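Have the viewer open and follow along, topic by topic.

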Amino acid sequence: MTDIDIDALLDAPESRVIVCCGSGGVGKTTTAAALALRAAERGRQTVVLTIDPARRLAQALGLRELGNHPRQVQVEGFEPKGELWAMMLDMRRTFDDMVRVHAGPERAEQLLQNPFYQTISTSFSGTQEYMAMEKLGQLAATGDWDLIIVDTPPSRSALDFLDAPTRLSSALDGRMIRLLTGPAKAGGWGLRKVVNAGFSMFAKAVSTIIGGQLLTDASAFMQAFDSMFGGFRERARKTAELLRSSGTSFLVVAAPEPDALREASYFVERLSAESMPLAGLIANRTHPVLAKLSGSEALAAAESLQEGDVNAPLAEAVLRLHADRVELAGREERLLARFTRAHPEVALARVPALAGDVHDLEGLRDIGVKLAS
């Protein structure tokens, strides 16, 4: 097992994109922000794209809020060698902006007002993951930053993020959607033609299930969407190429817990299968032992104090807490050892659990130091 050289990763001129991925609740957002802060302080022009809507990240960066476009972090006492910019993905606004840029004014207005579009732009499966990819592609295309750090959506599966462009593209280009759009494309006679072709039972069933108005909305949406569909897929292809390029590195973030490490193993295997450049695993919120006293020795000393004549309840409580800490650290080490045996080629970095939530730049800076050490 080798350690991740975080500073070498951040400093390398060829390092252009770092993607933090993993299951939800393991600290991906905070890790991404800490990496971005450290990179900026070491001289990189850095932007961090976060998916987490919680305001605590903005507050930690000294900002009142984060929006859908990068905003430079400028607060008193923060003078990095490079620059730090931050933004929070707004899925709907990103979709709307994409439509306005690529569909033309008239078609864009048709799409934005379409009820079917308003539904899929906020709740269609894979939309959030695809829009994260779309925004990454936009940031990379500007050339304004030499390092982009991405906090991926909290997906249960690596497939959700890596396959989002393909899945969303396939869904919108699928046979079912194309069949539903037949009426609009045929100038109002399409449904009659479908009926005459022997599909009356199908059309009646679809109208009954999803409603005639939704069928009409879907048809109008796809008719307007056709004009930009080729660009939609082409941008997805380019972003997928970017993620496989030598300038991109993936960091899998996990807590030292069975479910999180099981998910991390799946991420690692999928990234390897897809030839994605994996930099390593960040084991977040670990509990290292800070004293050489073993758990059994601590418990024995606590029992001795309890049974003895000296009244020392505080010392006894500290000894028992230390014994619990040793047991927890041992369980975490066994879980991490199992992971490294299964994936010996994966470099590892540990970040000890903090006493509280990160709420300022100093907290993020502290995490960055722990990552690098």
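E2 and E4 pair in the parallel sense, over six bridges; strands count as paired when DSSP finds at least two bridges between them. Within this pairing, Thr50 has Met88 in E4 as its bridge partner. Please keep in mind that this is a predicted model, where local features need pLDDT of at least 70, side-chain atom pairs count only at pLDDT 80 or more, and totals for chains, interfaces and linings use all residues. Residues are numbered from 1 along each chain as its sequence is written, and side-chain values use heavy atoms, with hydrogens and water left out. Helix (H or I, at least four residues) and strand (E, at least two) labels are DSSP runs, numbered from the N terminus.

**The sheet**

- E2 and E4 belong to an open sheet of eight strands with mixed pairing, in the order E3-E4-E2-E5-E1-E6-E7-E8.
- The edges are strand E3 (71–72) and strand E8 (348–352); each has a single partner strand, so one side of each is left without a neighbour in the sheet.
- E3 runs antiparallel to E4 and is joined to it by two bridges, with Gln72 opposite Trp85 in E4.
- Strand E1 (residues 17–21) pairs with strand E6 (residues 248–254) in the parallel sense over five bridges, and Cys21 stands opposite Val252 in E6.

**Helices on the sheet**

- Helix H7 (residues 127–142) lies across E1, strand E2 (45–50), strand E4 (83–88) and strand E5 (147–151), and runs at about 165° to E2.
- Helix H16 (residues 313–342) packs on the sheet too, where it touches strand E7 (278–286) and E8, and its direction makes about 170° with that of E7.
- Contact here means heavy atoms within 4.5 Å; axes are lines fitted to C-alpha atoms, for helices over the stretch in contact, and angles run from 0 to 180 degrees between N-to-C directions.

**The aromatic pair**

- How many aromatic pairs does a search of the whole structure find? The search finds one.
- Trp85 and Trp145 form this pair, which is edge-to-face, at 6.0 Å centre to centre and with 70° between the planes.
- Rings of Phe, Tyr and Trp (its six-membered ring) pair if their centres lie within 6.5 Å; planes under 30 degrees apart count as stacked, over 60 as edge-to-face and the rest as tilted.
- Distant parts of the chain are linked by the pair: Trp85 sits in strand E4 and Trp145 in the loop between H7 and E5, 60 residues apart.

**Helix against helix**

- Helix H4 (residues 91–103) and helix H5 (residues 105–113) pack at about 150°, with axes 7 Å apart.
- H4 and H5 are therefore roughly antiparallel, given that angles under 35 degrees count as roughly parallel, over 145 as roughly antiparallel, 65 to 115 as roughly perpendicular and the rest as oblique.
- By class, the H4–H5 contact has six nonpolar, no polar and four charged residues (Ala, Val, Leu, Ile, Met, Phe, Trp, Tyr, Cys and Pro count as nonpolar, Asp, Glu, Lys and Arg as charged, and the others, Gly among them, as polar).
- Helix H15 (residues 295–307) packs with H16 at an angle of about 160°, their axes 8 Å apart, and the two are therefore roughly antiparallel to each other.
- The H15–H16 contact divides into nine nonpolar, three polar and three charged residues.
- Helix H2 (residues 28–41) and helix H17 (residues 361–372) cross at roughly 85°, and their axes come within 8 Å; H2 and H17 are therefore roughly perpendicular.
- The H2–H17 contact has 10 nonpolar, three polar and three charged residues.
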